[in-house]
Amino acid sequence: MHPFAQVILDGLFTGSTYALMAAGLALILGVVKVVNLSHGAFFSLGAYVAYVLSGKGVSNPAAAVLLACVIAFAFGVFLGKSFINPVRSHPFSVAVGSLGFAILFEQAAQMLWGPHPVSIGSGPPWGELSGVVVRRWGAVSLLASAGILGGLALFLSSRWGLPLKLISEEEEIAGSVGIDVEKIRYLTFGFASATAAAAGALLAPATSITPTMGRVPLILSLIVVIASGMENVLAIFLLAVGLGLLSNIGAYLLAPQWSYVSLLTVISLLLLLRPGGLSAADPGRDY
Amino acid sequence: MRNTTGALALGAGMLLLLPLAGLDPFLLDVLTSGFLLASYVGSWDIVGGVAGQISLGHALFFGAATYSCALLTSLAGWPFAAAGGAALLLSTGAAAVVGTMSARLKGPFIALLTLALGELAHEVMIGQTFFSPRGAYSWGGEGGVPVALPWDAPSPWAAYYGALLFLFVSAWGMRRIALSREGLVWTAISGSELTARASGVDVARHKRRAFVAAGLFAGAAGVGFAAYVGRATTTDLSLELSFQAATFAAIGGRGTVVGPVLAALILHTVFRGAGVSPAARVLLYALALLLVLRFFPAGVAGALRQRIRARKMISGGAIR
């Protein structure tokens with residue numbers, strides 16, 4: 001019983017962090033209206049930031065998350081402003097270009113930190129509940145993700161979130177009432193990239209850090225966004241937690257690589273069964 | 001167009017002459033693998049460029065061919081020719097399946113689906129182990145599976161000319177298909193699916209055909225690669241290889257077949273010939289891709305063509 005309860009608890013922690021990343025991807029889909037394949041690279045970026053910091057003796061997760069967010073925001077604004085915004089009406093350029101950015105990062109990480117997995121110590125556990133260990137990274141991840149997601153939901157429902165909603169629904173009207181649509185687009189891209197980096201920095205102690213580690217959470221986030229749409233932050237959260245649990249259980253019962261294989265199978269089936277999903281990425285025209 | 005043909009003939013002549021001019025074995029190998037890669041990239045352009053379907057899993061068809069060559073010759077003991085035929089059938093069949101699956105999807109979702117299917121095959125092959133029929137070798141995983149070839153040590157000259165001939169024939173064939181009636185229908189679908197459908201085109205069927213043609217040529221390149229390298233590895237199925245196809249095509253100009261083939265051949269020869277490591281090479285390709293997509297959306301060849309056309313219009317079409 002106990003090993004399985006442990007798997008479920010860790011899956012809950014992992015899933016809540018994936019929810020953070022999926023929410024960022026949903027935001028990009030809703031406001032920038034592109035399918036962004038570079039999201040996983042920002043996840044790996046966050047994890048490597050945490051790794052480098054822990055090598056320098058800084059093991060405070062808050063420092064890692066903050067630094068990762070700032071770096072990812074800068075890169076995200078750059079990518080959004082100088083690449084995604086100008087080419088966003090060309091689906092080919094967006095898909096291949098954002099994948100190209102991810103592959104650029106993967107190769108750079110491979111040259112900087114080597115192709116082999118690295119890891120960082122996860123610190124002493126926070127507590128134990130009848131044999132189930134509550135790990136520090138887990139508790140921190142759950143709290144941080146819930147906090148950021150709650151803040152995001154609050155922001156979107158406040159009057160400050162109205163421009164984002166307007167752009168997502170009626171971008172021409174948003175432009176005509178004086179909203180700087182392009183600026184909000186690249187700022188959203190930067191913020192969303194920061195959420196992915198935060199998720200990576202939070203989960204760094206729990207996983208082995210490799211250059212291609214971002215592909216699993218990218219596929220997971222894409223599944224969440226396709227299946228739940230991007231209106232409802234709570235639906236994103238629940239679905240991401242469910243998938244996190246599923247992939248953790250799969251990794252525990254079979255082998256770690258099977259969690260990626262099962263996610264890939266799920267997304268293929270999902271695309272087949274719901275070809276009209278993700279309708280926001282189709283800005284009303286024919287490709 | 002007349003000038004292009006002349007330049008292509010000159011390039012072909014030089015490639016035919018190079019080994020006779022005493023090229024060293026390393027460069028000979030670089031060019032031989034470059035010919036096979038260029039042919040694979042050309043096959044991507046059939047579905048990704050001419051038909052406009054964003055495929056990010058093209059390595060699936062290439063790797064399906066190399067793996068079936070390896071498994072059928074080494075494990076099942078088939079002769080190489082039979083295994084090559086079966087490999088072509090398999091990669092074409094895989095392309096038919098992928099084409100059917102993506103027939104209802106549009107733009108970015110085809111990219112997602114093909115990416116997922118390619119990665120799926122890659123992951124399964126990384127995890128799979130095979131035991132050799134004789135002895136206790138264990139094959140599979142990252143190291144891949146050897147191909148049992150009918151010859152012992154292939155002559156680098158024969159391989160060079162074989163690969164070059166294969167590139168000429170396949171590029172000619174792909175170009176013919178792109179300019180055929182079927183190719184025109186694909187171009188129409190690429191331009192606007194809605195318009196094509198409104199003109200009575202069965203879009204799903206023609207999309208599937210584009211995938212099948214591309215899968216056939218990618219499989220042929222895979223069989224050639226298996227025969228040349230003598231091993232099928234997980235690199236043959238990797239996302240990096242799929243990505244390279246789309247990258248070279250974007251740089252060379254999508255939909256022209258010749259542009260992507262030339263871009264692949266030139267960039268591969270320059271960077272690999274200069275001894276750049278594979279990781280750094282892919283990094284440079286990604287960088288080049290982002291710059292091209294941002295500043296020359298029609299590819300470098302497309303931008304040149306537009307410039308030439310503009311100059312012609314200024315001078316009243318007097319120069320040809």
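This is a short walk through a two-chain model, from confidence and overall dimensions to the interface and a few individual residues.

The model is predicted, so I start with the scores. The ipTM is 0.88 and the pTM is 0.89. Chain A has a mean pLDDT of 85, with 92% of its residues at 70 or more. For chain B the mean is 87, and 94% of the residues reach 70 or more.

Helix H2 of chain A has the highest mean, 94, and strand S1, residues 127-129 of chain A, has the lowest, 71. There is also a stretch, residues 280-287 of chain A, where pLDDT stays under 50. The model still gives that stretch 18 contacts beyond four places in sequence. Where pLDDT is low, the predicted coordinates should not be read in detail. I would treat those contacts accordingly.

Now chain A as a whole. Chain A contains 11 helices and 2 strands. Read from the N terminus, the order is α-α-α-α-β-β-α-α-α-α-α-α-α. Along the principal axes, the C-alpha atoms of chain A occupy a box of roughly 60 × 40 × 35 Å. Of its 287 residues, 52% count as buried. If we take the contacts in chain A with a separation of 6 or more, 79% are between residues 24 or more positions apart.

Chain B next. Here we have 13 helices and 4 strands. A compact globule of 320 residues would have a radius of gyration near 20 Å, and chain B agrees, at 20 Å. The C-alpha box of chain B is roughly 75 × 50 × 35 Å along the principal axes. Buried residues account for 50% of the 320. Of the contacts in chain B between residues at least 6 apart in sequence, 79% join residues at least 24 apart.

On to the interface. How many residues of chain B are in contact with chain A? The count is 39 residues of chain B, against 37 residues of chain A. On the chain B side, four helices supply at least two residues each: H5 (107-127), H8 (193-198), H10 (239-252) and H12 (278-295). H5(B) gives the most, with 14 residues. By class, the chain B side consists of 28 nonpolar, 4 polar and 7 charged residues.

H5(B) also packs inside its own chain. Two packed helices are described by the angle between their axes and the distance between the axes. For helix H3 (residues 59-75) of chain B and H5(B), the axes come within 9 Å and cross at roughly 30°. Angles under 35 degrees count as roughly parallel, and H3(B) and H5(B) are therefore roughly parallel to each other. From H3(B), the residues involved are Ala59(B), Leu60(B), Gly63(B) and Tyr67(B), which meet Leu117(B), Gly118(B), Ala121(B) and Met125(B) of H5(B). That contact has 6 nonpolar residues, 2 polar and no charged ones.

Two backbone angles are worth a look. Lys33(A) is not a glycine, but has a positive phi of about 65°. Lys33(A) sits in the loop between helix H1 (2-32) and helix H2 (39-55) of chain A. It has 19 other C-beta atoms within 10 Å and is partly exposed; the cut-off for buried is 20 or more. The second case is Val257(B), also not a glycine, with a positive phi of about 60°. Val257(B) lies in the loop between H10 and helix H11 (258-273) of chain B. Is Val257(B) buried or exposed? With 30 C-beta neighbours inside 10 Å, Val257(B) counts as buried.

Gly80(A) counts as buried, with 26 C-beta neighbours inside 10 Å. Beyond four places in sequence, the contacts of Gly80(A) are Val32(A), Asn85(A), Arg185(A), Tyr186(A), Phe189(A) and Gly190(A). Of these, Val32(A) is 48 residues from Gly80(A) in sequence, with a C-alpha to C-alpha distance of 8.8 Å.

Notes: Residues numbered from 1 in each chain as written. Chains lettered and ligands numbered in written order. Predicted model: local features only at pLDDT ≥ 70, side-chain atom pairs only at ≥ 80, totals over all residues. Contact = placed C-beta atoms within 7 Å. Nonpolar A, V, L, I, M, F, W, Y, C, P; charged D, E, K, R; others polar. Axes fitted to C-alpha atoms, helices over the stretch in contact; angles between N-to-C directions. Parallel < 35°, antiparallel > 145°, perpendicular 65-115°, else oblique. Buried ≥ 20, exposed ≤ 12 C-beta atoms within 10 Å, placed from the backbone. pLDDT = per-residue confidence, 0-100. Rg over C-alpha atoms; globule rule 2.2 N^0.38 Å.
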